[in-house]
Number of protein chains: 2
Amino acid sequence: MRFTAKIRPKCSECPIRHRAVCARCDDGELAMLEGIKAYRSFAAGDPILRRGDPLTYVASVVHGVATLNKTMEDGRTQMVGMLFPSDFIGRPGRGEIDFDVVAVTDVTLCCFQRKPFERLIATTPHIAQRLLEMSLDELDAARDWMVLLGRKTAREKIATFVHMLVRRQSVVGSLGDGAPLILPLTRDEIASYIGLTLETVSRQLNAMKKEGILRFTDRRRFEIADLTALHIATGDDEEGAPAYC
Amino acid sequence: MRFTAKIRPKCSECPIRHRAVCARCDDGELAMLEGIKAYRSFAAGDPILRRGDPLTYVASVVHGVATLNKTMEDGRTQMVGMLFPSDFIGRPGRGEIDFDVVAVTDVTLCCFQRKPFERLIATTPHIAQRLLEMSLDELDAARDWMVLLGRKTAREKIATFVHMLVRRQSVVGSLGDGAPLILPLTRDEIASYIGLTLETVSRQLNAMKKEGILRFTDRRRFEIADLTALHIATGDDEEGAPAYC
DNA sequence: CGCCGGTTTGACATACTTCAAGAGAAGTGG
DNA sequence: CCACTTCTCTTGAAGTATGTCAAACCGGCG
């Protein structure tokens, strides 16, 4: 169940201070943000925003992982984004979003009321610029994902997905060196992200285990036994440094 | 072959004046833009920008249609965007792009040198805001496309593609009422856009012809004989007004 | 006229889905 | 602490939508 804690930690001690929308803000601007921000927490599985809901606030992910999901009339679903700490939720200039946002782990958000935030964007270019930059990064990532969805084989999809997890989880620094990686998603959710069924995901994951590319300690925890082989399996070229990172 | 015409038509008479990046600019800002802009033309089939090329300019599409293409090492390709008049090419803040931009019809661009344009963005919020808005729209469209690539059947993909063409071509006003729609792409290019093979595209298109949904006057020209049926065939819900428009 | 790119059409192959059953974990309550 | 349920995951067998390969067609253009 959702609970709202009216907590406002100091921005200066924020773990995502240098990566989020506020990355470029100076002290004065941070002070303005601190005035309109409020933390909110969600338990794993909770909906954060529902499609069509009036969008009263925008937010940065501070802790945890959230997903963006689209559902067709007949129930088919496609995940269209995965949000890690420092990622931004919401779109200034529009009153609603047309996908669901769900917390897949426990999540903490740093929320800003949309209206005052929009005013800030109009007046402080540092925020607007950073938001533009983040949006363009997301667009790049979305385009890489389109290649995955449209052209990659099941095996390449899985490999790419795992590879992205490695990059993102290590960038965020949520794990020590050599510590096992965590699958924040169920097989079903992974399937939804990469456009497959959960059975195919399960089979491919086990195949990569048998081949010695992945080593599972648990259904949700694993290590990369052979990063080179994993990278080759993605089908991406040499140093193409995909945008989802 | 590419030819560069050093022509600078007045912004005030520009057909995309109210939809492009410059939509919100006042007269003074337009004057600044006019100072750094230059038209360029490309013939159908010409490359506009190549992956990895240094990005010396950014641009708005004035006439014609261009596509964004990604290619994997082994030659598989996926189209990741289609640019119509008023759409923007290029990304401020980055020196290169990681896809190819190709003119699929004759194309006219309104180009701005990247560096001066970036300076303008930093100083004139009207441009930055409009660019942010356009990027977010593109992101929405990309997400709708991810649903198409990941979850739709061949038939739904074709229907969705045609439906998008109807919307975009009529918005741009490049055709009168009842005039036949134009397929700017070959079967192969369509296939690349929706993640299929050209054979499947051909079969589905002909199936919709036989069913009386589409009426071809030519291999590249056709009319929508039954818009309702077309819409139903997309698999999208009632009034979900997809973002690609 | 004869080539040539784009397109259609057919026959066949297959990667992935679908359907179905069962095995592990993980929690719940007695 | 042990049934019992529930959820996730695995594994198998069978079906199918779409891809692959190949040949023929068609309209345009030199």
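Reader: Which residue in strand 6 of chain A is the bridge partner of A:Ser60?

Author: The partner is A:Phe88. This is a predicted model, in which local features need pLDDT of at least 70 and side-chain atom pairs count only at pLDDT 80 or more, while totals for chains, interfaces and linings use all residues. Residues are numbered from 1 along each chain as its sequence is written, and chains are lettered from A and ligands numbered from 1 in the order in which they are written.

Reader: How many bridges join strand 3 of chain A to strand 6 of chain A?

Author: Two strands pair if DSSP finds at least two bridges between them. Here two bridges link strand 3 to strand 6 (residues 88-89) of chain A, and the strands run antiparallel. Helices (H or I, at least four residues) and strands (E, at least two) are DSSP runs, numbered from the N terminus.

Reader: In what sense does strand 3 of chain A pair with strand 8 of chain A?

Author: The sense is antiparallel, over six bridges, and strand 8 covers residues 107-113. In strand 8 of chain A, A:Thr108 stands opposite A:His63.

Reader: How many residues of strand 3 of chain A are buried?

Author: A residue is buried if 20 or more other C-beta atoms, placed from the backbone, lie within 10 Å of its own, exposed if 12 or fewer, and partly exposed in between. In strand 3 (residues 57-63) of chain A, five of the seven residues are buried, so the strand is largely enclosed by the rest of the structure.

Reader: At what angle do helix 3 of chain A and helix 3 of chain B pack?

Author: Two packed helices are described by the angle between their axes and the distance between the axes. Axes are lines fitted to C-alpha atoms, for helices over the stretch in contact, and angles run from 0 to 180 degrees between N-to-C directions. For these two helices, residues 125-151 in each chain, the angle is about 20° and the axes are 9 Å apart. Helix 3 of chain A and helix 3 of chain B are therefore roughly parallel (under 35 degrees; over 145 is roughly antiparallel, 65 to 115 roughly perpendicular, the rest oblique).

Reader: Is A:Glu138 buried or exposed?

Author: A:Glu138, which lies in helix 3 of chain A, is buried, with 22 other C-beta atoms within 10 Å. The C-alpha atom of A:Glu138 is 8.9 Å from that of A:Gly81, 57 residues apart along the chain.

Reader: How many residues surround DNA strand C?

Author: The count is 16, and A:Ala154, A:Thr200, B:Thr186, B:Arg187 and B:Ser202 are the closest.

Note on methods. A residue is near a molecule or strand if its C-beta atom, placed from the backbone, lies within 6 Å of it.
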